[in-house]
Protein chains: 2
Amino acid sequence: MIVDISRKILIVGLGLLGGSYAKALKRFGFHISAVTKEQSSIDYALNEGIIDEGTTELDPKIIGEADLVIFALYPHIFVEWIEQNQKLLKSGAIITDVTGVKGSIVYKIQDMLREDLEFIAAHPMAGREVSGVENSSDKIFVGANYIVTPTDKNTPDGVNTCLELGRLLGFSNVTTLSPEEHDEMIGFLSQLTHCIAISLMTCNDKENMEKFTGDSFRDLTRIARINDLMWSELFIANKEALLNQMDMFLSKFNELKEMLETEDVDGMRKMMRHSTKRRALFEKK
Amino acid sequence: MIVDISRKILIVGLGLLGGSYAKALKRFGFHISAVTKEQSSIDYALNEGIIDEGTTELDPKIIGEADLVIFALYPHIFVEWIEQNQKLLKSGAIITDVTGVKGSIVYKIQDMLREDLEFIAAHPMAGREVSGVENSSDKIFVGANYIVTPTDKNTPDGVNTCLELGRLLGFSNVTTLSPEEHDEMIGFLSQLTHCIAISLMTCNDKENMEKFTGDSFRDLTRIARINDLMWSELFIANKEALLNQMDMFLSKFNELKEMLETEDVDGMRKMMRHSTKRRALFEKK
């Protein structure tokens with residue numbers, strides 16, 4: 001089990017999430033190493049004492065010693081890394097990730113992975129509007145969800161290791177979903193909301209609107225400040241599930257529009273009461 | 001001018017907004033009276049010292065003595081009140097309101113109003129998620145917009161009285177717009193956002209979604225808890241402007257959907273960068 005602190009943990013990609021993992025795990029005394037693009041990220045993390053060693057190279061020793069490898073990379077870079085470098089990993093190592101989409105990644109990685117390695121996917125639903133290891137913090141996991149998405153290629157030991165990792169990191173809710181359930185849920189709760197926010201933010205470029213804005217519009221567009229590189233990749237990686245959610249939203253929005261056109265007050269009020277009732281479920285506990 | 005504190009102010013409809021007006025204006029020493037539906041609202045306001053007298057009846061003395069009359073009623077009740085009771089108002093009285101839509105109300109009221117009265121419309125863009133005079137507070141005007149919507153039937157004195165009222169109430173921004181500009185703005189910033197929030201909240205009734213929700217979905221649906229009676233009336237009272245805004249949103253949302261279908265990454269990234277740039281304008285100062 002992972003609680004054996006003699007296990008060596010390698011983090012590939014030392015950004016906001018990778019750095020936050022390092023911070024949270026270092027408290028337990030694990031040996032933590034990192035492979036990342038920028039030397040400045042390594043320097044920062046060494047200085048802060050959240051990693052024991054790090055490199056910007058494909059160092060066979062650092063990579064080959066790790067018992068648990070956490071990939072905190074963009075989806076396509078993660079896939080490329082495994083294709084090109086999995087030969088460097090130690091036999092028996094467990095691999096996990098932080099990718100926000102699952103179906104299009106999990107099976108691809110598991111299919112190409114060496115027989116003596118196990119990939120158990122996870123999605124830590126935590127983040128901030130800033131990036132980089134310098135902004136990392138283990139506080140971002142408090143109150144957040146950690147979702148493990150096993151397939152029938154996973155072993156009970158692999159799944160349990162990943163669940164325990166989520167608990168050690170400090171996540172408040174640690175659960176499992178199938179990759180498909182995960183993608184449907186994330187398509188609705190996260191990706192559809194971003195699609196709506198950016199459409200609302202760009203659909204009316206009239207000047208001076210900002211002078212009259214109140215909290216409603218601000219709330220609906222907070223996430224319209226968006227990392228275009230990351231989100232366009234995530235949307236495409238979850239294309240089918242997201243298109244399905246977009247259609248469901250469109251159908252409801254058009255229903256409301258039709259009720260307004262025909263001045264169907266009863267229909268609108270019924271929808272608003274449904275909305276009010278359902279929203280109550282989503283209040284922060 | 002209204003700063004003459006010997007002027008008597010009558011508030012018709014002593015709810016959250018009417019009560020907040022009373023609180024804010026009482027500080028200056030005005031004589032404030034109220035006509036409202038419930039005796040308990042009058043009792044509360046008398047007890048708090050925010051009105052000098054109040055009635056649930058159509059008291060000819062209270063109504064006939066007012067120099068400035070503020071209507072804080074639902075739009076159709078406001079129109080009915082004027083139709084049936086304007087005979088009770090004092091010659092020369094200035095009338096204003098708090099209605100959240102303008103085009104469908106302002107001209108109707110001005111057309112039916114006695115020649116010796118003046119209606120100058122205003123929209124105080126302030127509110128809370130609770131209602132009733134018991135929840136009233138003059139703090140809700142701080143940081144908020146107060147918009148006066150004159151027509152060519154208004155006099156400079158009427159417009160100035162209304163602008164000064166907004167400043168006395170404590171609004172941070174007091175401006176004028178035409179009724180049509182107002183309705184377009186409110187259709188976009190307020191009503192469209194509510195249409196989106198209730199559609200999002202009701203488009204997917206799958207169970208257990210609330211277990212995985214994060215702040216993005218919560219932000220986009222905060223206003224999905226909605227007063228169905230009031231908002232269905234406001235939507236219909238601004239039907240043409242709102243339908244226009246809904247179409248603009250639909251067109252942009254469908255554009256994004258098409259880019260996702262064809263995997264047009266460059267197009268999506270361009271839209272996201274536009275969104276990010278435009279959102280920066282709407283940050284709270």
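Close-up 1. The model is predicted, with local features requiring pLDDT of at least 70 and side-chain atom pairs pLDDT 80 or more, whereas totals for chains, interfaces and linings use all residues. Residues are numbered from 1 along each chain as its sequence is written, and chains are lettered from A in the order in which they are written. Helix H4 of chain B spans residues 75-85, and its buried residues are Pro75(B), Phe78(B) and Ile82(B). These lie on the same side of H4(B), because they cover an arc of only 60° around the axis (directions from the helix axis to the C-beta atoms). Their packing partners in chain B are strands S4 (68-71) and S5 (94-97) and helices H5 (103-112) and H9 (228-237) (contact, C-beta atoms within 7 Å; helices, DSSP H or I runs of at least four residues; strands, E runs of at least two).

**Close-up 2. Crossing of H10(A) and H10(B).** The axes of these helices, residues 239-261 in each chain, come within 11 Å and cross at roughly 165° (lines fitted to C-alpha atoms over the stretch in contact; angles from 0 to 180 degrees between N-to-C directions). H10(A) is therefore roughly antiparallel to H10(B) (over 145 degrees).

**Close-up 3. Surroundings of Val142(B).** Val142(B) occupies the loop between strands S7 (122-125) and S8 (145-148) of chain B. Val142(B) counts as exposed because it has 12 C-beta neighbours inside 10 Å. Leu169(B) is 27 residues from Val142(B) in sequence, with a C-alpha to C-alpha separation of 8.9 Å.

How values were computed. A residue is buried if 20 or more other C-beta atoms lie within 10 Å of its own, exposed if 12 or fewer, and partly exposed in between; C-beta atoms are placed from the backbone. Two residues are in contact if their C-beta atoms, placed from the backbone, lie within 7 Å. Angles under 35 degrees count as roughly parallel, over 145 as roughly antiparallel, 65 to 115 as roughly perpendicular and the rest as oblique.
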